[in-house]
Amino acid sequence: MKIKTFVFNHFGENTYVVSDENTQKCAVIDPGCFFEQEKQELKQYITDNNLIVDCILFTHCHLDHAFGARFVSQEFPQAKICAHQNEDIFITEALNQSLRFGINMEQPPQITHYVNDGDIISIGEIALQALYVPGHSPGGLCFYSAKNGVLFSGDVLFANSVGRSDMPGGNHTVLIEGITKKLLSLPDETIVYCGHGPTTTIKNERETNPFF
Ligand SMILES: [Zn+2]
Ligand SMILES: [Zn+2]
């Protein structure tokens, strides 16, 4: 498994390209590229490495994670668009929402594949398990590979912090419960790739995150 991190858009969002070296298949997790240069940077990486985009994988569909979804699906039309069903509303509302921020974005494409808790997403020989952790967003998903010891946590868990829960469908209690039960129970050495900010480990967060 190869993981490439991009930091995109006004919100400093992390977009990840997760690729399988054996099959060249990849997933674009949370395509947040907004500016033309960011879009080209992402496309360049994919084409330079001869990657086949198998899917766009959303941890959730807040604007900052979806700005580049239209671009990626246009450039790589074979890519499935995977997210939890509860995120449909953010796709529908994306343009209205973005205008409230004074941002003019492209309409993200509809979700084509709904992902539920426990589902396995295959990217070539890579298997990512979906963990449903609502509370930041009603359809929040984290993606875990036990074999590779990595977790993509979206805006659920950050280094020494957790996601905010004051946006539509948010709930702090539910968020903390979900993180405690489903994420902090993962092996110590699991590397956490967050939706914003640096990577961390489950051990770090269990020991030093002030929310626990
Ligand atoms: Zn978010
Ligand atoms: Zn975010």
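A residue counts as buried here if 20 or more other C-beta atoms lie within 10 Å of its own, and as partly exposed if the number falls between that and the 12 or fewer of an exposed residue. Keep that in mind for the legends below, which all show a predicted model.

**View 1. Asn9, a loop residue with a positive phi.** Asn9 sits in the loop that links β1 (2–8) to β2 (13–19). Its phi is positive, about 65°, even though Asn9 is not a glycine. Most residues other than glycine have a negative phi. Is Asn9 buried or exposed? Asn9 counts as buried, because it has 20 C-beta neighbours inside 10 Å.

**View 2. Gln24, in the next loop along, between β2 and β3**. Here again phi is positive, about 70° for Gln24, and again the residue is not a glycine. The surroundings are another matter: Gln24 has 13 C-beta neighbours inside 10 Å, so it counts as partly exposed.

View 3. Strand β3 (residues 25–29), helix α1 (residues 36–48) and β4 make up a right-handed β-α-β unit. The two strands are parallel and share five bridges; for a spot to look at, find Lys25, which stands opposite Ile52 in β4. How far does α1 reach from its first C-alpha to its last? The span is 18 Å for 13 residues, close to the 18 Å expected at 1.5 Å a residue. After α1 comes Asn50, and its phi is positive too, near 50°.

**View 4. Strand β4 and its other partner, β5.** Five of the six residues of β4 (residues 52–57) are buried, so the strand is largely enclosed by the rest of the structure. Besides β3, β4 pairs with β5 (residues 80–83), in the parallel sense and over three bridges. Zoom in on Leu57 and you'll find its bridge partner in β5, Cys82.

**View 5. The six-stranded open sheet.** Its strands run in the order β7-β8-β9-β10-β13-β14, with mixed pairing. At the edges are β7 (120–123) and β14 (200–201), each of which pairs on one side only. Further in, β8 (residues 126–132) and β9 (residues 141–145) run antiparallel and are joined by four bridges. One pair to look for is Tyr132 with its bridge partner in β9, Leu141.

**View 6. Stepping back to the whole chain.** Overall there are seven helices and 14 strands. The C-alpha atoms fill a box of roughly 45 × 40 × 25 Å along the principal axes. A compact globule of 212 residues would have a radius of gyration near 17 Å, and the chain's 16 Å agrees with that. As for burial, 45% of the 212 residues count as buried. Of the contacts between residues at least 6 apart in sequence, 62% join residues at least 24 apart.

Key: Residues numbered from 1 in each chain as written. Chains lettered and ligands numbered in written order. Predicted model: local features only at pLDDT ≥ 70, side-chain atom pairs only at ≥ 80, totals over all residues. Pairing = 2+ DSSP bridges. Rg over C-alpha atoms; globule rule 2.2 N^0.38 Å. Contact = placed C-beta atoms within 7 Å. Right-handed = clockwise from strand over helix to strand, strands pointing away. Expected span 1.5 Å × (residues − 1).
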